[in-house]
Structure formats: structure tokens, C-alpha cells
Amino acid sequence: MASRPVHFIWLLDCSGSMSVNGKIGQLNFAIREAIPEMQQAADSNPAASLLVRAISFASGASWHVSEPTPVGSFSWEDVHTYGGTDMGAAFKLAAGALQTPPMPQRALPPVLALASDGQPTDDWRAGLRAIDSTPWGKRAVRVAVAIGDDADKSMLKEFLANPELEPLQAKNPRQLAAAIRWMSTAVVKDASTPKVEDAKPATPLGPPLTKVEGEADIW
């Protein structure tokens with residue numbers, strides 16, 4: 001039986017505040033380090049074909065990785081900071097990719113993975129409505145990580161569109177690495193497992209990002 005595609009889209013905050021205390025560098029490092037585990041998670045389910053791409057947003061939004069890339073050949077080029085927090089623009093870009101076409105009808109539910117450290121500076125609700133208006137956007141598995149204490153956690157929770165879910169909280173590099181690793185593996189395993197009638201997967205609440213004794217909050 002031919003494998004069915006699972007589209008995984010990173011939505012990454014590259015606003016100026018992400019340059020503070022090395023957050024953007026830690027985000028790049030965490031994604032790069034998670035790729036091998038992401039590949040292993042995909043290899044464990046040959047019935048699904050994992051395709052990865054990424055959107056960066058700051059003053060505007062653009063495709064950082066525009067082509068759906070098989071995870072086996074996926075590599076990471078660093079994102080960089082460049083301005084505000086136009087999250088709504090990123091949502092609209094993602095919404096365009098969630099139409100059918102270009103999304104094939106026989107795909108499995110896509111994954112939208114959002115990472116942000118601040119508050120949107122554009123009309124993010126209009127962008128979220130654009131995602132929700134697409135059939136694949138409604139069925140997508142959504143996960144989010146709040147980087148530091150200034151992230152808009154209420155907005156991230158609204159993005160998740162599930163009252164039982166909470167955004168992950170990362171207050172230091174170790175917690176960010178744990179969040180990115182979970183978003184790249186556990187969520188991929190869930191999304192790439194065909195469900196009855198392709199119902200939306202019941203994404204787990206995520207790992208407890210507990211603090212190690214003596215570990216300081218950096219962000």
C-alpha cells in the first residue's frame with residue numbers, strides 16, 4: 001500500500017526579541033538536533049511519508065523552506081531575526097498550503113508547530129480564521145511553545161483550538177530543546193498513524209518541562 005503524506009509546517013517567530021539572550025540561536029540548535037529523532041519517528045511508520053517545511057515571521061512572513069521536503073533528506077538552515085511579530089501573515093501563508101490543492105486529498109492530517117516569544121503585531125485572528133476556513137486547517141494537529149514569560153499564552157491557546165490543550169512553556173534552552181524534540185517526534189508519531197475515518201488525532205498534552213534543581217530561568 002502506498003504511503004500517505006503527512007505535512008509538517010514549522011511557524012517560527014523571528015522577531016527582534018528572539019535575539020535577546022540567544023533565543024534564536026537556541027531555537028535553530030533545537031530544531032537541528034531534533035531532525036534525527038524526527039527521521040526515526042517517521043521511519044517507524046512506513047504507511048506515512050513525512051514532508052517538512054517552515055515559515056518564518058517577523059516584519060512580514062515568508063517560506064523559509066518552501067518545498068515539502070521528505071524528512072529523510074531534510075536539513076536545517078538557520079533563521080535570523082528581522083523585526084516585528086507578524087504572526088497573522090504567517091498563518092495566511094500556512095492557510096494557502098492547506099488548501100486542496102496543493103494539499104492532496106489522500107493526505108493524513110498535517111501538523112502546525114508554532115514557536116513564539118512575544119505578542120503578534122498584526123491581525124493574527126484574521127490569519128487564524130484563514131487557517132480554520134480550510135478543510136485541512138480544521139483537521140490539523142496543532143502544537144505551540146511559548147518561549148519565555150512574554151509570549152502571549154492566551155493567543156497560543158486559541159491557536160491550539162482545543163480547550164484541553166495548553167502551549168508548552170520554555171524558560172531556558174533545556175526546556176526549549178525538550179519542547180522542540182517532543183513537537184518533532186511524539187506529535188509526528190501521532191499524526192502519521194492513520195485513524196478511523198482519518199479523525200483528527202488526539203494530541204497528548206505534551207511533556208512536563210520540569211526545572212532541574214539549580215537551573216535558572218534565562219528568558
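1. Helices (H or I, at least four residues) and strands (E, at least two) are taken here as DSSP runs, numbered from the N terminus. On that basis the chain has six helices and six strands, arranged along the sequence as β-α-β-β-α-β-α-α-β-α-β-α.

2. The model is predicted: local features need pLDDT of at least 70 and side-chain atom pairs count only at pLDDT 80 or more, whereas totals for chains, interfaces and linings use all residues. Residues are numbered from 1 along each chain as its sequence is written, and side-chain values use heavy atoms, with hydrogens and water left out.

3. Of the 219 residues in the chain, 52% are buried (under 20% relative accessible area, 1.4 Å probe, protein chains only). The accessible surface (Shrake-Rupley method, 1.4 Å probe) comes to about 9,500 Å², and carbon and sulfur atoms account for 53% of that surface. Contacts are defined by heavy atoms within 4.5 Å. Among contacts between residues at least 6 apart in sequence, 75% join residues at least 24 apart.

4. Helix 1 (residues 23-43) and helix 6 (residues 173-191) have axes that come within 8 Å and cross at roughly 30°. Axes are lines fitted to C-alpha atoms over the stretch in contact, with angles running from 0 to 180 degrees between N-to-C directions. The two helices are therefore roughly parallel (angles under 35 degrees). Their crossing is right-handed, that is, the near helix is turned clockwise from the far one by less than a right angle.

5. To this contact helix 1 contributes K23, Q26, L27, A30, I31, A34, E37, M38 and A41, and helix 6 contributes P173, L176, A177, I180, R181, S184, T185, V188 and K189. By class, 11 residues are nonpolar, three polar and four charged. Nonpolar covers Ala, Val, Leu, Ile, Met, Phe, Trp, Tyr, Cys and Pro; charged covers Asp, Glu, Lys and Arg; the others, Gly among them, are polar.

6. The axes of helix 3 (residues 124-132) and helix 5 (residues 153-160) come within 11 Å and cross at roughly 15°, which makes helix 3 roughly parallel to helix 5. This crossing is right-handed. W124, R125 and L128 of helix 3 meet M155, E158 and F159 of helix 5; four of the contact residues are nonpolar, none polar and two charged.

7. Which residues of helix 3 are buried? They are W124, A126, G127, L128 and I131. Their cover includes helix 2 (87-97), strand 4 (111-116), helix 4 (135-139), strand 5 (141-147) and helix 5.

Definitions and conventions:
Buried < 20%, exposed > 50% of the residue type's maximum accessible area, 1.4 Å probe, protein only. Parallel < 35°, antiparallel > 145°, perpendicular 65-115°, else oblique.
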